[in-house]
Amino acid sequence: MSKDKQGWSESADAALRVSAVGPIATFDPESTPGFTGDKALGKQLLGERGEVLADLQELLYANGRSGDTRSVLLVLQGMDTAGKGGIVRHVGGLVDPQGLAIKGFGKPTPEELQHDFLWRIHKALPPAGRIGIFDRSHYEDVLPVRVHNLVPQSEWEKRYDLINQFEAYLVKVGTTVIKCCLVVSKDEQKARLTERLERPDKYWKYNPGDIDERGYWDQYLEAYQAIFDLTDTDDAPWHLIPANKKWFARLSVCELLIEALQGLELDWPKADFDVEAERRRLAAVD
Ligand code: AMP
Ligand code: MG
């Protein structure tokens with residue numbers, strides 16, 4: 001188990017589960033729950049654990065190629081600037097990109113709005129053997145949608161149950177669901193937005209609307225807490241990832257993925273050919 005994992009006093013899953021570290025309103029984005037090491041150790045570990053993650057991802061992919069339909073879905077949520085894109089790059093970047101199915105969800109298109117809110121989600125689910133990463137997700141449909149009443153309350157309030165049913169279904173069909181909310185402090189968000197306005201290489205990340213959304217900070221915290229109260233299930237657990245320290249956010253998500261993949265107890269698929277016969281054939285050719 002994870003007890004012997006360097007720097008960790010318990011599994012990342014237990015240490016970061018929202019039921020252990022919530023509520024979000026009082027959660028410390030500078031903290032490192034379950035991890036006793038410092039930044040230097042955290043950075044070193046990300047490299048080492050990245051190799052473990054890459055090996056496990058290859059196992060998952062190999063099994064997917066051999067008829068195993070299981071997959072893993074990492075759902076990333078968090079306020080603007082929390083670092084969702086950084087997780088995709090720095091944790092997703094640790095594994096073979098062929099094994100990933102990455103999808104970001106922006107404002108729904110006119111076509112998407114003509115369907116139920118899970119339609120576009122279904123289409124983006126990871127195929128067999130793949131690790132899917134959602135940069136935003138179906139939870140947007142109870143975040144900005146709830147905060148701004150983009151649909152009537154009678155509509156959005158039904159969605160929590162629908163989401164639980166959907167995720168329970170995903171788990172039944174063999175998708176391991178890991179949900180992470182990256183939590184950045186209001187001060188840190190201001191610092192990151194400031195940087196985006198000071199550096200020409202960051203202008204592209206700046207969206208004037210982010211300042212407007214920041215004005216709804218407390219309403220977003222409430223909407224997030226409703227999500228945790230209503231959709232943190234053992235099937236599809238929620239984790240709070242402190243995100244002021246980018247190194248810890250990345251290490252945490254890497255560790256959660258490793259734990260999920262280890263839970264699948266994968267082995268290398270058996271050859272679907274006669275290994276001995278093939279060796280003899282190969283030895284016989286020039
Ligand atoms: P970004 O992740 O920076 O590209 O921004 C995507 C934007 O799309 C964010 O402002 C999200 O809140 C918004 N968004 C994503 N999904 C939805 C949705 N279902 N309804 C309304 N806004 C959404
Ligand atoms: Mg943005």
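Over residues 52-262, the chain is 49% helix and 15% strand. The model is predicted. UniProt, in an unreviewed entry, lists residues 52-262 as "domain: Polyphosphate kinase-2-related".

Strand 1 pairs with strand 4 (residues 175-183) through 8 bridges, and the two run parallel. Within this pairing, valine 75 has lysine 179 of strand 4 as its bridge partner. Strand 1 also pairs in the parallel sense with strand 3 (residues 131-135), over 5 bridges. Here leucine 73 stands opposite glycine 132 of strand 3.

Ligand 1 is surrounded by Phe105, Gly106, Lys107, Pro108, Arg120, Arg136, Glu140, Asp141, Pro144, Val145 and Leu150. By class, this shell has 5 nonpolar, 1 polar and 5 charged residues. Oxygen atoms of ligand 1 are approached from both side chain and backbone. A polar side-chain atom of arginine 136 lies 2.6 Å from a ligand oxygen. A backbone N or O atom of lysine 107 lies 3.1 Å from an oxygen atom of ligand 1. Aspartate 141 places a polar side-chain atom 3.0 Å from a nitrogen atom of the ligand. On its own, ligand 1 has 500 Å² of accessible area, of which the protein covers 72%.

Notes. Residues are numbered from 1 along each chain as its sequence is written. Chains are lettered from A and ligands numbered from 1 in the order in which they are written. This is a predicted model: local features need pLDDT of at least 70, side-chain atom pairs count only at pLDDT 80 or more; totals for chains, interfaces and linings use all residues. Side-chain values use heavy atoms; hydrogens and water are left out. A residue is near a molecule or strand if one of its heavy atoms lies within 4 Å of it. A polar contact is a pair of N or O atoms within 3.5 Å; within protein, one must be able to donate a hydrogen and the other to accept it, and residues adjacent in sequence count only if both atoms are side-chain atoms. Accessible areas come from the Shrake-Rupley method with a 1.4 Å probe; for residues, only the protein chains shown count as cover. Ala, Val, Leu, Ile, Met, Phe, Trp, Tyr, Cys and Pro count as nonpolar, Asp, Glu, Lys and Arg as charged, and the others, Gly among them, as polar. UniProt positions are given in the numbering used here, feature names are shortened, and annotations may be inferred rather than shown by experiment. Helices (H or I, at least four residues) and strands (E, at least two) are DSSP runs, numbered from the N terminus. Two strands pair if DSSP finds at least two bridges between them.
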